Amino acid sequence: MFKKSLALVVLMSALSCHAALDINQATEAELDSIRGIGPGTSGKILLERKKGNFKDWNDFITRVQGIAEIKAANFSGEGVTVNGAVFKAAPAAKK
C-alpha cells in the first residue's frame with residue numbers, strides 16, 4: 001500500500017510541474033521559464049498582447065515575429081496554451 005501511495009504522490013507532483021500556461025495570462029517570468037522562449041521572444045509576446053489577447057494559435061503565430069508552427073508545437077509541448085487550447089498543426093496539403 002505504501003508503494004502505491006508513494007507512486008501516486010510522485011505522479012501528482014510530476015503532473016503539477018507540467019501545468020498548462022496560457023499565453024494570454026502568463027507573466028514575463030513565466031514565459032521566460034518555457035524552453036525556447038527567452039527575453040526577446042517574451043518581450044515580443046507581451047508587446048503584441050498589449051494590442052489585444054491572442055484569439056488562437058494562428059493569431060499568435062501571425063502576430064509574433066519569429067514564431068512558426070514548429071516553435072508553436074514545441075511551446076505547446078511545454079504546456080503553453082492559447083485560450084486553453086493546445087497547438088494542432090494544420091493538415092498537410094494533398095497532392
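Reader: Let's start with α5. What do its buried residues pack against?

Author: The buried residues of α5 pack against α4 and β2. Keep in mind that this is a predicted model.

Reader: Which residues of α5 are the buried ones?

Author: A72, F75 and S76 are the buried residues of helix α5, which covers residues 69-77. Looking down the axis of α5, you find its buried residues within an arc of 100°, so they line one face of the helix.

Reader: And what follows α5?

Author: G79 comes after α5, and its phi is positive, near 105°.

Reader: Let me step back a bit. How many helices and strands does the protein have?

Author: Five helices and two strands. Starting at the N terminus, the order is α-β-α-α-α-α-β.

Reader: How much of the chain counts as buried?

Author: 31% of the 95 residues. As for the surface, the accessible area is about 6,700 Å², and 61% of that belongs to carbon and sulfur atoms.

Reader: OK, on to the core. Which residues touch the most other members of the largest nonpolar core?

Author: That core has 19 residues, and the ones touching the most other members are I23, L31, I45, F54, W57, F60 and F75. α3 (39-50), α4 and α5 each supply at least two residues of this core.

Reader: Which helix gives the most to this core?

Author: α4 does, with three residues.

Reader: Pick I23. What does I23 touch?

Author: Leaving out residues up to four places away in sequence, I23 touches L31, I45, R49, F54, F60, V80, T81 and V82.

Reader: I see several aromatics in there. How many aromatic pairs does the structure hold?

Author: Three. One of them is F54 with F60, an edge-to-face pair with 5.1 Å centre to centre and 90° between the planes. F54 and F60 are both buried.

Reader: What about W57 and F87, how are their rings arranged?

Author: W57 and F87 are edge-to-face too, at 5.6 Å centre to centre with 75° between the planes. This pair links distant parts of the chain: W57 is in helix α4 (residues 57-63) and F87 is in the segment after β2 (80-81), 30 residues apart.

Reader: Are W57 and F87 buried or exposed?

Author: Both W57 and F87 are buried.

Reader: And which residues make up the aromatic cluster?

Author: F54, W57, F60 and F87 form one cluster.

Reader: Switching to α3. Which of its residues are buried?

Author: T41, S42, I45, L46, E48 and R49 are the buried residues of α3. Seen down the helix axis, they fall within an arc of 165°, so they line one face of α3.

Reader: What is exposed on the other side of α3?

Author: P39, L47 and K50 are exposed there. As for the buried residues of α3, what covers them includes α2 (28-32) and α4.

Reader: How far apart are the ends of α3?

Author: The end C-alpha atoms of α3 are 16 Å apart. At 1.5 Å a residue, its 12 residues should span 16 Å, which agrees. G52 follows α3, and its phi is positive, near 145°.

Reader: You listed T41 as buried. What is its relative accessible area?

Author: T41, in helix α3, has a relative accessible area of 16%, and anything under 20% counts as buried.

Reader: Last one: which residue has a positive phi although it is not a glycine?

Author: N83, with a phi of about 55°. N83 lies in the segment after β2.

Reader: How does N83 count in terms of accessibility?

Author: N83 counts as partly exposed, at 47% relative accessibility.

Definitions and conventions. Residues are numbered from 1 along each chain as its sequence is written. This is a predicted model: local features need pLDDT of at least 70, side-chain atom pairs count only at pLDDT 80 or more; totals for chains, interfaces and linings use all residues. Side-chain values use heavy atoms; hydrogens and water are left out. Rings of Phe, Tyr and Trp (its six-membered ring) pair if their centres lie within 6.5 Å; planes under 30 degrees apart count as stacked, over 60 as edge-to-face and the rest as tilted. Buried means under 20% relative accessible area, exposed over 50%, partly exposed in between (1.4 Å probe, protein chains only). Helices (H or I, at least four residues) and strands (E, at least two) are DSSP runs, numbered from the N terminus. Accessible areas come from the Shrake-Rupley method with a 1.4 Å probe; for residues, only the protein chains shown count as cover. The arc is that of the directions from the helix axis to the C-beta atoms. Contact means heavy atoms within 4.5 Å. A nonpolar core is a set of buried Ala, Val, Leu, Ile, Met, Phe, Trp, Tyr and Cys residues joined through side-chain atoms within 4.5 Å. The expected span of a helix is 1.5 Å times one less than its number of residues.
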